[in-house]
Amino acid sequence: MDEPLTNTLTAQSNWKKNTALFLSSQAVSLFGSMLVQYAILWHITLSTESGVMMMISIICGFLPTFLLSPFAGVWADRYNRKLLIALADAGIAAATLVLVLLFWAGYQALWLLFAISAVRAAGSGIQTPAVGALLPQIVPEEKLTTVNGTFGSMNAFMMLVAPIVSAALLSFASIEIIFLIDVVTAAAAIAILLTWVAVPDHRVEAGKEPGGYFEEMKQGLRFIQNHVFLKQYFAFFALAFLLMAPAAFLTPLQVTRTFGGDYWRLTAIEIVFSIGMMAGGALIASWGGFRNRTHTLLLACVLFGLCTVGLGVVPSFWVYLAIMGLAGVSAPLINTPAQVILQEKVDSAYMGRVFGVFSMISTSMLPIGMLIFGPAADIVPVEWLLVGSGALFSLMALWLAGSRALREAGKPLEPSGQEAAE
């Protein structure tokens with residue numbers, strides 16, 4: 001029996017252990033990354049109190065991911081995805097360690113924080129398509145919804161815990177200590193991934209598709225062009241991410257203007273949303289959603305849209321928090337079936353490139369949305385923007401209901417022989 005087939009059978013037979021180890025490695029890595037993310041954000045905010053500096057920081061956190069995503073998609077299809085994830089983590093950790101040494105040496109210029117944000121964004125841009133494409137290699141198709149839902153809950157838990165831990169550490173330790181924690185968590189994540197997670201070779205890696213990066217990129221774009229459901233899928237989510245921008249970025253401004261600028265209020269909305277996401281992740285992991293995944297997306301779009309409208313009309317902060325929590329529940333109901341549809345229906349040979357394009361859309365449309373809605377928030381009340389964008393988001397359910405290609409894409413695959421036997 002040849003080695004690739006042996007690796008594939010081994011990974012399939014141990015998929016639960018493999019998946020648990022892989023998700024653990026990603027959780028460890030994510031925790032350290034989010035500690036640093038919040039530490040950098042708060043350091044820049046407190047030391048400069050400048051909107052321009054915050055804008056530069058946000059650009060540094062988005063732009064490298066957007067620029068690298070198409071190349072990263074090719075790499076994820078061409079090379080070993082497990083090694084690619086580990087190398088990205090190692091590169092981020094090495095750059096962070098250099099920053100620690102520079103800070104300890106007395107070089108604490110603000111541009112160093114912008115630089116490390118850009119490096120971290122570049123690493124994320126490389127990892128995201130690889131992670132999305134790797135999961136179907138180690139997880140049976142019929143279990144992808146459960147695993148993606150669990151992964152979403154883990155991420156939400158990190159979003160809940162990381163800012164609290166980061167704030168606690170900054171109260172008695174220097175920012176360099178938090179950077180060092182990230183180096184340690186990255187090393188632990190890499191060790192888990194490389195030592196214990198078995199990943200079979202994927203087709204392009206084993207066969208080495210000919211051509212250069214741009215040729216392979218063109219092949220990926222042609223693949224998308226030739227599949228009606230992918231064209232509609234990406235167009236749908238481009239508009240969805242655009243309309244999400246007010247709820248994602250303007251709610252802290254709204255809370256400050258409408259209910260008061262107390263820190264506990266701003267913290268409360270983040271905590272409640274994260275708890276909602278954890279609950280939503282657990283719900284989709286246990287329930288699995290409707291048989292047709294597009295129907296789950298449809299329901300979640302209506303729910304998130306109505307919640308966004310609700311955030312714009314409720315007069316009570318406590319009711320506002322309840323609606324924010326419900327919005328958090330709806331987020332994994334959108335993200336999980338969206339991920340699983342791609343993981344189930346896209347040819348493994350093009351999986352990385354397709355996820356690369358999806359990453360480009362997600363990292364570009366939210367900032368574009370802010371370029372539109374951000375200035376508008378200084379002209380009209382944020383509440384109006386939330387009501388308008390939320391109503392339009394709910395109406396996008398009609399797109400899902402009316403698109404035959406998206407409905408067909410959401411239909412489940414037939415269960416495997418192993419699943420039927422179970």
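**Helix packing in a predicted model**

Biologist: How do the axes of helix 10 and helix 15 cross, and how far apart do they come?
Modeller: The two axes come within 9 Å and cross at roughly 155°. Axes here are lines fitted to C-alpha atoms, for helices over the stretch in contact, with angles from 0 to 180 degrees between N-to-C directions. Helix 10 and helix 15 are therefore roughly antiparallel to each other. The classes are roughly parallel under 35 degrees, roughly antiparallel over 145, roughly perpendicular from 65 to 115, and oblique for the rest.

Biologist: What kind of model and numbering is this?
Modeller: It's a predicted model, where local features need pLDDT of at least 70 and side-chain atom pairs count only at pLDDT 80 or more, while totals for chains, interfaces and linings use all residues. Residues are numbered from 1 along each chain as its sequence is written, and side-chain values use heavy atoms, with hydrogens and water left out.

Biologist: OK, back to the pair. Is the crossing of helix 10 and helix 15 left-handed or right-handed?
Modeller: Left-handed. That label applies if the near helix is turned anticlockwise from the far one by less than a right angle, and right-handed applies if clockwise.

Biologist: Which residues in helix 10 and helix 15 meet?
Modeller: From helix 10 they include Ala240, Leu243, Met244, Ala247, Leu250 and Gln254. On the helix 15 side, Val382, Leu385, Leu386, Ser389 and Phe393 are among them. Contact means heavy atoms within 4.5 Å.

Biologist: What span should helix 15 have?
Modeller: At 1.5 Å a residue, its 14 residues (382-395) should span 20 Å, and the end C-alpha atoms are 20 Å apart, so that agrees. The expected span is 1.5 Å times one less than the number of residues.

Biologist: And which residues of helix 15 are buried?
Modeller: Val382, Glu383, Leu385, Leu386, Ser389, Gly390, Phe393 and Ser394. They fall within an arc of 155° seen down the helix axis, so they line one face of helix 15. That arc is taken from the directions from the axis to the C-beta atoms. As for cut-offs, buried is under 20% relative accessible area, exposed is over 50%, and partly exposed is in between (1.4 Å probe, protein chains only).

Biologist: What's on the face of helix 15 turned away from its buried side?
Modeller: The exposed residues Trp384 and Leu395 are carried there.

Biologist: What covers the buried residues of helix 15?
Modeller: The cover includes helix 10 (228-258), helix 12 (293-313), helix 13 (317-345), helix 14 (351-376) and helix 16 (397-402).

Biologist: Tell me about Val387. How accessible is it?
Modeller: Val387 is in helix 15, and at 30% relative accessibility it counts as partly exposed. Leaving aside neighbours within four places in sequence, it is in contact with Thr308, Val309, Gly312 and Val313. Val387 and Gly310 are 77 residues apart in sequence, yet 7.4 Å apart in space, C-alpha to C-alpha.

Biologist: Switching topic: at what angle do helix 13 and helix 14 pack?
Modeller: About 150°, with their axes 10 Å apart. That makes helix 13 roughly antiparallel to helix 14. Helix 13 passes helix 14 in a right-handed crossing. Gln339, Leu342 and Gln343 in helix 13 meet Met351, Val354, Phe355 and Phe358 in helix 14.

Biologist: Is Ala338 buried or exposed?
Modeller: Ala338, in helix 13, counts as buried at 4% relative accessibility. Not counting residues up to four places away in sequence, Ala338 touches Tyr233, Phe237 and Leu297. In sequence, Ala338 and Phe237 are 101 residues apart, with 9.2 Å between their C-alpha atoms.

Biologist: How do helix 5 and helix 14 pack?
Modeller: Helix 5 (residues 110-138) packs with helix 14 at about 135°, axes 8 Å apart. That makes helix 5 oblique to helix 14. Their crossing is right-handed. Thr128, Pro129, Gly132, Ala133 and Pro136 of helix 5 make the contact with Met351, Gly352, Phe355, Gly356 and Ser359 of helix 14.

Biologist: Last one: how many helices and strands are there in the protein?
Modeller: There are 18 helices and zero strands. Both are DSSP runs numbered from the N terminus: H or I of at least four residues for helices, E of at least two for strands. Of the 422 residues, 51% count as buried.
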